[in-house]
Amino acid sequence: RHQRQREMTVRAARIYNAAAAAGSRSPTMAVANALGYSRSQASRLVRSARGEGLIAEFRTESTEGEPR
């Protein structure tokens, strides 16, 4: 069972990273759609993948955190 969970975490990370790199505004939904999971199930996988360092951090061109 642990092996299956690990495989799904790695798979989710690949999908998430590809979607984020392609400019998706919701890479978690891309994971959900690709795996046939609910958003909450996909979110758990994404959180697990982040915890394992499998998800790359992408910077967006937002104004968040910039001085006004």
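**View 1. I55 and the residues around it.** Leaving aside residues up to four places away in sequence, I55 touches A13, Y16, N17, V46, A49 and R50; contact here means heavy atoms within 4.5 Å. This is a predicted model, where local features need pLDDT of at least 70 and side-chain atom pairs count only at pLDDT 80 or more, while totals for chains, interfaces and linings use all residues. Residues are numbered from 1 along each chain as its sequence is written, and side-chain values use heavy atoms, with hydrogens and water left out.

**View 2. The largest nonpolar core.** I55 is also one of the core members that touch the most other members, along with A12, Y16, V31, L35, L45 and V46; the core has 14 residues. Helix 1 (2-21), helix 2 (27-35) and helix 3 (39-51) each supply at least two of its residues, and the largest share, 6 residues, comes from helix 1. A nonpolar core is a set of buried Ala, Val, Leu, Ile, Met, Phe, Trp, Tyr and Cys residues joined through side-chain atoms within 4.5 Å. Helices are DSSP runs (H or I, at least four residues), numbered from the N terminus.

View 3. Which residues are buried in helix 3? They are A42, L45, V46 and A49, where buried means under 20% relative accessible area and exposed over 50% (1.4 Å probe, protein chains only). They cover an arc of only 100° around the axis, so they lie on the same side of helix 3; the arc is that of the directions from the helix axis to the C-beta atoms. On the other side, R47 and G51 are exposed. Helix 1 and helix 2 are among what covers the buried residues.
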